[in-house]
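Please look over the structure below before reading on. The notes that follow are grouped by topic.

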Amino acid sequence: MIDMLTSDSSEDDWVSCAQAGDRKAFSELVRSHQKSVYRYLLRMLGSHDDAMELTQEAFIKAWQALPLWRPEAQFRTWLFRIANNTALDVLRHRKLIEFVPLEDSFDAPGSEPDPEHQAQVTQEVRQLDASLKKLMPEHRQILLLREVEEMSYEEIGSVLSLNEGTVKSRLARARAALLEIRVRSRS
């Protein structure tokens with residue numbers, strides 16, 4: 001089946017082939033989404049090993065559930081819902097939430113070789129990371145999906161099983177809470 005697909009094929013084509021049991025098509029889907037799923041899980045769990053393990057687990061769950069999947073949402077959104085639920089299960093079990101510092105996966109602007117500027121950027125990232133750690137899990141989660149993964153309100157709603165209005169209000173509260181934490185830390 002995969003022989004019919006080319007690099008110009010849409011993700012829907014890859015998904016259709018994978019749903020029919022084509023492992024190579026599913027491997028292509030894994031290849032195109034594994035970095036973003038891993039990055040999200042890394043920030044949710046705070047451990048490279050846990051993020052790697054849960055990324056694999058999320059894709060295994062997706063492969064197992066794929067024959068029953070209906071394209072009511074984008075594949076990416078459905079995959080993030082699986083990854084999010086997998087992470088929440090682990091966090092509930094641990095009763096602990098910790099995030100990896102942003103500088104571990106942050107791509108600082110490299111065009112400016114000025115060491116003073118680089119130090120300032122690093123300090124700002126550390127301060128933002130410290131502020132994120134103080135947020136409630138629901139706030140961190142929604143901020144990561146919107147600001148880091150750049151998901152639309154509709155996609156976030158699908159991942160978190162929320163309506164669009166709830167996503168917007170929760171995101172507004174998360175931003176306000178982050179701003180309050182940042183202001184308090186400067187005082």
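This is a predicted model: local features need pLDDT of at least 70, side-chain atom pairs count only at pLDDT 80 or more; totals for chains, interfaces and linings use all residues.

The chain has 8 helices and 0 strands.

**Overall layout**

- Along the sequence, the pattern reads α-α-α-α-α-α-α-α.
- The chain has 187 residues, and buried residues make up 39% of them.
- Take the contacts between residues at least 6 apart in sequence: 62% of these join residues at least 24 apart.

**How α6 packs on α8**

- Two packed helices are described by the angle between their axes and by the distance between those axes.
- Helix α6 covers residues 137–148, and helix α8 covers residues 164–186.
- Their axes are 9 Å apart, and the packing angle is about 105 degrees.
- Angles from 65 to 115 degrees count as roughly perpendicular, so α6 and α8 are roughly perpendicular to each other.
- On the α6 side, the contact is made by Glu138, His139, Ile142, Leu143, Arg146 and Glu147.
- On the α8 side, the contact residues include Val167, Arg170, Leu171 and Arg173. Ala174, Arg175, Ala177 and Leu178 of α8 also take part.
- Sorted by class, this contact has 7 nonpolar, 1 polar and 6 charged residues.

- Glu147 and Arg175 meet through their side chains in a salt bridge, at 2.4 Å from N to O.
- Glu147 lies in helix α6 and Arg175 in helix α8, so the pair ties together parts that are 28 residues apart in sequence.
- Glu147 is partly exposed, with a relative accessible area of 42%.
- Arg175 is also partly exposed, and its relative accessible area is 38%.

**Other salt bridges**

- The count for the structure comes to 8 salt bridges.
- One of them joins the side chains of Arg39 and Glu149, at 2.9 Å from N to O.
- Arg39 lies in helix α2 (residues 23–45), while Glu149 lies in the loop between α6 and α7 (153–160). The pair therefore ties together parts that are 110 residues apart in sequence.
- Is Glu149 buried or exposed? Glu149 is buried, with a relative accessible area of 6%.
- Glu155 and Arg76 meet in another salt bridge, at 3.7 Å from N to O.
- This pair links distant parts of the chain: Glu155 is in helix α7, Arg76 is in helix α4 (residues 75–94), and they are 79 residues apart.
- Glu155 and Arg76 are both buried.
- Salt bridges that share partners join Arg39, Arg76, Glu149 and Glu155 into one network.

**Aromatic rings**

- The whole structure holds 6 aromatic pairs.
- Trp69 and Trp78 form one of these pairs, with ring centres 5.6 Å apart. Their planes are 40 degrees apart, and the pair is tilted.
- Trp69 is buried, with a relative accessible area of 8%.
- Trp78 is buried as well, with a relative accessible area of 14%.
- Trp78 also pairs with Phe75: the ring centres lie 5.7 Å apart and the planes stand at 50 degrees, so this pair is tilted.
- Phe75 and Trp78 are 3 residues apart in helix α4, so about one helical turn separates them.
- Phe26, Phe59 and Trp63 form one aromatic cluster.

**Positive phi angles**

- Which phi does Glu150 have? Glu150 has a positive phi of about 55 degrees, although it is not a glycine.
- Glu150 sits in the loop between α6 and α7. Its relative accessible area is 65%, so Glu150 is exposed.
- Ser161 has a positive phi of about 55 degrees, and it is not a glycine either.
- Ser161 sits in the loop between α7 and α8. At 54% relative accessibility, Ser161 counts as exposed, because the cut-off is over 50%.

Key:
Residues are numbered from 1 along each chain as its sequence is written. Side-chain values use heavy atoms; hydrogens and water are left out. Axes are lines fitted to C-alpha atoms, for helices over the stretch in contact, and angles run from 0 to 180 degrees between N-to-C directions. Helices (H or I, at least four residues) and strands (E, at least two) are DSSP runs, numbered from the N terminus. Angles under 35 degrees count as roughly parallel, over 145 as roughly antiparallel, 65 to 115 as roughly perpendicular and the rest as oblique. Contact means heavy atoms within 4.5 Å. Ala, Val, Leu, Ile, Met, Phe, Trp, Tyr, Cys and Pro count as nonpolar, Asp, Glu, Lys and Arg as charged, and the others, Gly among them, as polar. A salt bridge is a side-chain nitrogen of Lys or Arg within 4 Å of a carboxyl oxygen of Asp or Glu. Buried means under 20% relative accessible area, exposed over 50%, partly exposed in between (1.4 Å probe, protein chains only). Rings of Phe, Tyr and Trp (its six-membered ring) pair if their centres lie within 6.5 Å; planes under 30 degrees apart count as stacked, over 60 as edge-to-face and the rest as tilted.
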